[in-house]
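Here is a short report on side-chain contacts and strand pairing. Keep the structure open while reading.

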Amino acid sequence: MRSDLFKSEYQAQAPAASGMSLQHSKAIKYVVNGECHARQGSMVAFRGNLQFEVKSQGVGNFLKRAVTGEGLSLMAVRGQGEVWFAHNAQSCFVIELDPQDALTINGRNVLCFDPTLSYDIKMVSGAGMTGGGLFNCQFAGQGRIGLISDGEPIVIPVTSNAPVYVDTDAVVGWTSQLRTSIHRGQSIKSMLRGGSGEAFQLMLQGDGFVVVQPSEAQPPAEK
């Protein structure tokens with residue numbers, strides 16, 4: 001049997017080491033030898049002796065999610081084997097954090113992560129009650145996190161003399177040491193006339209980077 005389908009880049013290879021790696025640009029492979037965490041419903045295939053369970057996030061994070069609507073529903077994958085994660089054919093990336101690192105990520109952009117990373121829901125400092133992205137997920141510690149982006153992301157350096165302004169519906173995440181505040185992008189008079197649709201942005205200041213996706217998140221449908 002012959003087909004481009006059987007190219008090497010499409011083939012699942014034998015596991016080389018425990019942990020996560022890119023299968024290709026749309027999927028992450030995780031060789032589990034113990035446990036890993038992932039967003040619920042993101043498993044597309046697995047082999048080996050693995051169990052999938054809803055992961056409790058503790059009373060504190062449960063209450064935060066109930067109030068804010070932010071965060072992500074997690075599952076724990078336990079055992080020995082290989083599992084492939086993906087979500088809506090979005091672009092996938094793996095970031096490795098060192099012990100001194102902290103990364104703030106929008107919950108919708110988290111695919112999977114090592115259990116060695118700590119996870120909490122944080123209010124975006126200076127955001128007040130305006131716009132989306134008021135609460136995000138902060139990861140810290142040593143380990144890897146798999147991210148998804150709706151399209152190819154843009155990584156923008158932030159420096160002390162060059163703040164960056166981002167759409168709260170397009171931002172994926174940023175280095176947690178950056179200072180955040182809400183910036184009004186148009187005058188009250190313009191807003192009263194209907195505005196440009198870009199009334200508020202999240203301003204990031206300091207030294208680090210911010211990641212945005214070329215797509216604005218759609219608000220959840222009303223129930």
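## Surface patch

Met1, Leu5, Phe6 and Tyr10 make up a nonpolar patch on the surface, and together they have about 530 Å² of accessible area. The model is a predicted one. Tyr10 sits in the segment before β1 (19-24). Its relative accessible area is 48%, so Tyr10 counts as partly exposed.

## Salt bridges

How many salt bridges does the count come to? The count is five.

Lys29 pairs with Glu82, with 3.0 Å between the closest N and O atoms. Lys29 is buried, at a relative accessible area of 7%. Glu82 is also buried, at 7% relative accessibility. A network of salt bridges links Lys29, Arg47 and Glu82.

Strands β4 and β2 also hold Arg78 and Glu35, respectively. The side chains of Arg78 and Glu35 form a salt bridge at 3.4 Å, N to O. Because Arg78 lies in β4 and Glu35 in β2, the pair ties together parts that are 43 residues apart in sequence. Arg78 is partly exposed, at 30% relative accessibility. Glu35 is partly exposed too, with a relative accessible area of 28%.

Another salt bridge joins Arg144 to Glu96, and the closest N and O atoms are 3.4 Å apart. This pair links distant parts of the chain: Arg144 is in strand β10 (residues 143-149) and Glu96 in strand β5 (residues 91-97), 48 residues apart. Arg144 is partly exposed, at 31% relative accessibility.

## Aromatic pairs

The count of aromatic pairs comes to four. One of them is Phe113 with Phe139: the ring centres are 5.0 Å apart and the planes stand at 70 degrees, so the pair is edge-to-face. Phe113 lies in strand β7 (residues 110-113) and Phe139 in strand β9 (residues 135-140), so the contact ties together parts that are 26 residues apart in sequence. Phe113 is buried, with a relative accessible area of 2%. For Phe139, which is buried, the value is 0%.

Tyr119 lies in strand β8 (residues 118-123) and Phe139 in β9, so the pair ties together parts that are 20 residues apart in sequence. Both Tyr119 and Phe139 are buried. Phe113, Tyr119 and Phe139 form one aromatic cluster.

## Cysteines

How many disulfides does a search of the whole structure find? The search finds zero. The cut-off for a disulfide is 2.5 Å between the sulfur atoms.

Cys112 is in no disulfide either; its nearest cysteine sulfur belongs to Cys36, 6.6 Å away. Cys92 is buried, with a relative accessible area of 2%. Cys112 is buried as well, at 0%.

## Strand pairing around β15

Strand β15 (residues 200-205) pairs with β12 (residues 164-166). The two run antiparallel and are joined by three bridges. Val164 has Leu204 of β15 as its bridge partner.

Strand β14 (residues 179-184) also pairs with β15, in the antiparallel sense and over six bridges. Ile182 stands opposite Leu202 in β15.

Technical notes. Residues are numbered from 1 along each chain as its sequence is written. This is a predicted model: local features need pLDDT of at least 70, side-chain atom pairs count only at pLDDT 80 or more; totals for chains, interfaces and linings use all residues. Side-chain values use heavy atoms; hydrogens and water are left out. Buried means under 20% relative accessible area, exposed over 50%, partly exposed in between (1.4 Å probe, protein chains only). Two strands pair if DSSP finds at least two bridges between them. Helices (H or I, at least four residues) and strands (E, at least two) are DSSP runs, numbered from the N terminus. Rings of Phe, Tyr and Trp (its six-membered ring) pair if their centres lie within 6.5 Å; planes under 30 degrees apart count as stacked, over 60 as edge-to-face and the rest as tilted. Patches are made of residues with over 30% relative accessible area and no salt bridge: like charges are joined within 9 Å, nonpolar side chains (Val, Leu, Ile, Met, Phe, Trp, Tyr) within 5 Å. Accessible areas come from the Shrake-Rupley method with a 1.4 Å probe; for residues, only the protein chains shown count as cover. A salt bridge is a side-chain nitrogen of Lys or Arg within 4 Å of a carboxyl oxygen of Asp or Glu.
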